[in-house]
Amino acid sequence: MDFTRLPHPAPVPGATREQAIADPGFGKVFTDHMVSIDYDADKGGWHSPTLGPREPIALDPAASVLHYAQEIFEGLKAYRLADGTMALFRPDANAARFNRSAERLAMPALPEDVFVEAVRQAVLADKDWFPAVDGGSLYVRPFMFANEAFLGVRPATRYKFLVILSPAGNYFKSGAPAVSVWVSDYTRAAPGGTGAAKCGGNYAASLVPTGEAFARGHDQTVFLDAAERKWIEELGGMNLFFVFDDGTILTPPLRGTILPGITRDSIITLAREQGLTVREEMYSLDQWREDAVSGRLVETFACGTAAVVTAVGKVAGHDGEFTIGSGGPGQLTQTLREKLVGIQRGTVEDTHGWVTRLG
Ligand code: PLP
Ligand code: COI
């Protein structure tokens, strides 16, 4: 696909940009450009790939995304490596997951090479927007939504795919070494539902429990399974890992109700390579509490693109609260985090072909 390049009439002035990216936090600052590609079933599918200024998009009030939430997204990061080149971490995995989400939401697939090229074009256009802060990166948000004006309930025939970029620092406002999580009574995804898809609707449903967590002073919500209300699934925007005193690690299995995290997959690979036993098994809230109290469980960490690897220090719910280990980041959490971040930033050798350098 050849991208049309529209010149930007008024990019953000350098001094304003520098100020904006000095301490960007997460998801608040946006760059100059965006990529857009349109889909029309009546026009042979995907067409008009464009790299242009980031600008508001016009939507018909009947656009089906506004009514039936046919929307999916991805999240990945572009890094500036030690040698100055820019790189993406496993963009092919995001492209593949995007298409699995599309399939679940009855949306058209976008060829994986087009997804990766769109991300590449956007990042190269905004290469001056990498924040210099420690741990900083350019967070990439590709997404697709139905923009056909139609109120019947059926898959739309028209879609828009966009890529926007957001300079990012720490996901958690507190920047604390370990986060505190709230076990919600609400569930996120039921068997047969959309839990494994990265669709906006999943996040809309998580906002009340997340608001509850924030109001009680916690950083994230833990969701239990919808069928038995017993098994730990994941956090609102991260997967979970549990580390035991015998050195083994456990993470909830992919049963269709949690997001198959790319960080999760990478951590499993790195831990196994290190000789550790990683079990993908169900783990109950009761067992979590019992093991934390007995000391059999020594660490818990959350992982995801935005949050990287973050220790969970405290767990609270309607039945009271408990602390994990010392309440701060454990040894393995730190080792795995350093290894992953090192690969992402080019200071640890990438033996898996995970890092895609951008010219
Ligand atoms: N679980 C949920 C619900 C998420 O939103 C995310 C973030 O994308 C993850 C897990 C972690 O996925 P990944 O490691 O691919 O970013
Ligand atoms: C990510 O880690 O990329 C996410 O999408 C999690 C959250 C910010 C939605």
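These legends walk you through close-up views of the two ligand sites in a predicted model.

**View 1. Ligand 1 and its closest neighbours.** Start here to get your bearings around ligand 1. This ligand is surrounded by 17 residues, and R97, Y203, E234, T263 and T305 are the closest. Sorted by class, the shell holds seven polar, six nonpolar and four charged residues.

**View 2. Polar contacts of ligand 1.** In the side chain of Y203, a polar atom lies 2.5 Å from a ligand 1 oxygen. T305 also uses a polar side-chain atom, 2.6 Å from an oxygen atom of ligand 1. On its own, ligand 1 has 380 Å² of accessible area, and the protein covers 96% of it.

**View 3. The setting of ligand 1.** At least two shell residues come from each of strand 11 (232–235), helix 7 (262–273) and strand 15 (297–304). Ligand 1 sits in the largest pocket.

**View 4. The shell around ligand 2.** Now turn to the other ligand. Around ligand 2 you will find F26, F73, G75, Y139, R141, Y171, K198, Y203, G237, T305 and A306. By class, this shell is made of six nonpolar, three polar and two charged residues.

**View 5. Polar contacts of ligand 2.** Look for Y139, K198 and A306 in this view. A polar atom in the Y139 side chain is 2.6 Å from a ligand 2 oxygen. For K198, a side-chain N or O atom lies 2.7 Å from an oxygen atom of ligand 2. A306 takes part through its backbone, with an N or O atom 2.8 Å from a ligand 2 oxygen. Of the 270 Å² of accessible area that ligand 2 has on its own, the protein covers 88%.

**View 6. Ligand 2 and the two domains.** Domain 1 (4–168) and domain 2 (178–344) each give at least three residues to its shell. The space that ligand 2 takes up is the largest pocket.

Key
Residues are numbered from 1 along each chain as its sequence is written. Chains are lettered from A and ligands numbered from 1 in the order in which they are written. This is a predicted model: local features need pLDDT of at least 70, side-chain atom pairs count only at pLDDT 80 or more; totals for chains, interfaces and linings use all residues. Side-chain values use heavy atoms; hydrogens and water are left out. A residue is near a molecule or strand if one of its heavy atoms lies within 4 Å of it. A polar contact is a pair of N or O atoms within 3.5 Å; within protein, one must be able to donate a hydrogen and the other to accept it, and residues adjacent in sequence count only if both atoms are side-chain atoms. Accessible areas come from the Shrake-Rupley method with a 1.4 Å probe; for residues, only the protein chains shown count as cover. On a 1 Å grid over the protein atoms alone, a cavity is a set of points where a 1.4 Å probe fits but cannot get out, and a pocket is an open set with protein on both sides within 12 Å along at least five of seven lines; lining residues have an atom within 4 Å of a point. A molecule sits in a cavity or pocket if more than half of its atoms lie within 2 Å of its grid points. Ala, Val, Leu, Ile, Met, Phe, Trp, Tyr, Cys and Pro count as nonpolar, Asp, Glu, Lys and Arg as charged, and the others, Gly among them, as polar. Domain bounds come from an automatic or database domain assignment. Helices (H or I, at least four residues) and strands (E, at least two) are DSSP runs, numbered from the N terminus.
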